[in-house]
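Q: Please take a close look at one part of the backbone, and then connect it to the rest of the chain in a single answer.

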Amino acid sequence: MNDRSDTLGRDVIDSLEGEEHHLKLRNLRLSDYEDVRHIMNAVYKGMGGAWTRKEFAAQINRFPEGQICIEDNGRVVAGAISLIVNYRRYGDQHTYDKITGNGTLSTHDPDGDVLYGVDVFVDPEYRHMRLGRRLYDARKELCRQLNLRSIVAGGRIPGYERHAAEISPEEYIDLVRRQEIHDPILSFQLANDFHVRRIIRNYIPDDDASRGYATLVQWNNIFYEENKPLIAHRKTVVRVGTVQWQMRRLKDMDDLLQQAEFFVDALAGYNCDFALFPEFFNAPLLAEFNQENPAEAIRGMAQYTDEIRDAMLRLAVNYNINIIAGSMPVYRDQSLYNVSYLLRRDGTMDHQYKLHVTPDERSYWGMQGGDGLRVFDTDIGKIGILVCYDVQFPELSRLLNEQGMQILFVPFWTDTKNGYQRVRLCSQARAVENECYVAITGSVGNLPKIENIDIQYSQTAVFSPSDFAFPHDAIVAEGTPNTEMTLIVDLDLNKLTELRQEGSVRNYQDRRPDLYRVDWHGPGDN
């Protein structure tokens, strides 16, 4: 048999009552039968005791990878038995004997879609060492590795015998779920992210403690992919590059595009999937217009926006990189807007209007906010874009989160450190509360004699949620303040998926829509 212990766990040294324990997670072997028999006879004394050696051999021979144990100094002290089934063949009202082939696993189907939990047993002397949790975690990892839809099991409720005269099994399960009653099996399953689908009657008829009832419990594999493609498979680790842009005097449009191409080329050379530019990165072009009238100057600069957008779309295609082209002014129908463009490497593009304009943008330029918000599909997943001030309004990020956003891009322009801190701290909050990544970048340097956009302050950064799978300070990386540079980071989207289902806290799942919600009243797009 192929011993997969290296992939299932590692040696762990624990201390218990002065003894030294050497715990190892591995697959069961035929030679482990006597240890298994000893445990099962102790655990199932009133329910028939251990399997026969022949039954145990059949389990291992049919599905060796699914039979897992923990040994201590060479002796098996806990084990878990499972098989794969095509669950549709059995349905929810099955019995233990029917779905397990009377314990022989003759029903095992390598082409099935569900890992079925047959049994978990722990030597009574080791029950306080949380070995059951290790076995459950190993099962979950096996389910992921085999790309199975879920783990399903029929769970006994042995604590029910103390309450059967007063309450129904449905009431009992509800009280266990609310932790008003402790059940040695169901409470453990709920604590390990299983949920109860329904009650099964006569699951194990001679299970007197459960009165023949069982809970049908399920854990969903959030990484399951049906008919996983061999090519064109969506990446789970995404490389993001940000550009901390130096404001400098430029002769003309060609100078601006040459500088933009320099950074696109550099980030594409590191195989980045995204390049993020700052808000108003094209501000040097303002120098061509009348500085005594800032509103007139920025409307003049807006005439270049389409040309810059189209040129950067060509860069996205030529360099095989998705570009968030910061933001640029757009003037249409006698209204001035601030717009960010998503330029995809497949040649398509989208845009996000800045929704909230600052008092300064309103008074100096006569700018107004857009009225559309949406998540964008890309070849790596769903992203959102909020321009500068918009990230300070948490409702927007929550609405994007509800549409499946995984990465939020925030191009900004700030002139002082306190302005920058508002963007930074709010971006960090958005990453935590929405369980997503947030990338921010701005511009640095000065533009003498350009009214209302003359000084800059920036420190580019990428933020993550705050949990064990992420950096301890929830900062993936950050650049040097006020220095022209790029920042390149790898973001694991699987970690977000796992966090939302199994994290220490689950901000999205634990919302109270019965008490509050965020509603969108505007159109989907400008």
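A: N482 is placed in the loop between β21 (475-478) and β22 (485-492), where strands are DSSP runs of E with at least two residues, helices are runs of H or I with at least four, and both are numbered from the N terminus. This is a predicted model, in which local features need pLDDT of at least 70, side-chain atom pairs count only at pLDDT 80 or more, and totals for chains, interfaces and linings use all residues. Residues are numbered from 1 along each chain as its sequence is written, and side-chain values use heavy atoms, with hydrogens and water left out.

Although N482 is not a glycine, its phi is positive, at about 55 degrees. With a relative accessible area of 36%, N482 is partly exposed, a class that lies between buried (under 20%) and exposed (over 50%), computed with a 1.4 Å probe on protein chains only. R211, in the loop between β7 (195-200) and β8 (214-220), is another residue other than glycine with a positive phi, near 55 degrees, and R211 is partly exposed at a relative accessible area of 44%.

Helix α5 itself covers residues 131-145, and its 15 residues should span 21 Å at 1.5 Å a residue, which agrees with the 21 Å between its end C-alpha atoms; the expected span is 1.5 Å times one less than the number of residues. The buried residues of α5 include L135, Y136 and L142, and also the charged R139, K140 and R144.

Leaving aside residues up to four places away in sequence, I308 touches M253, L256, L257, F281, N282, L285 and M328, a contact being heavy atoms within 4.5 Å.

Over the whole protein, 53% of the 526 residues count as buried, and the secondary structure comes to 14 helices and 22 strands.
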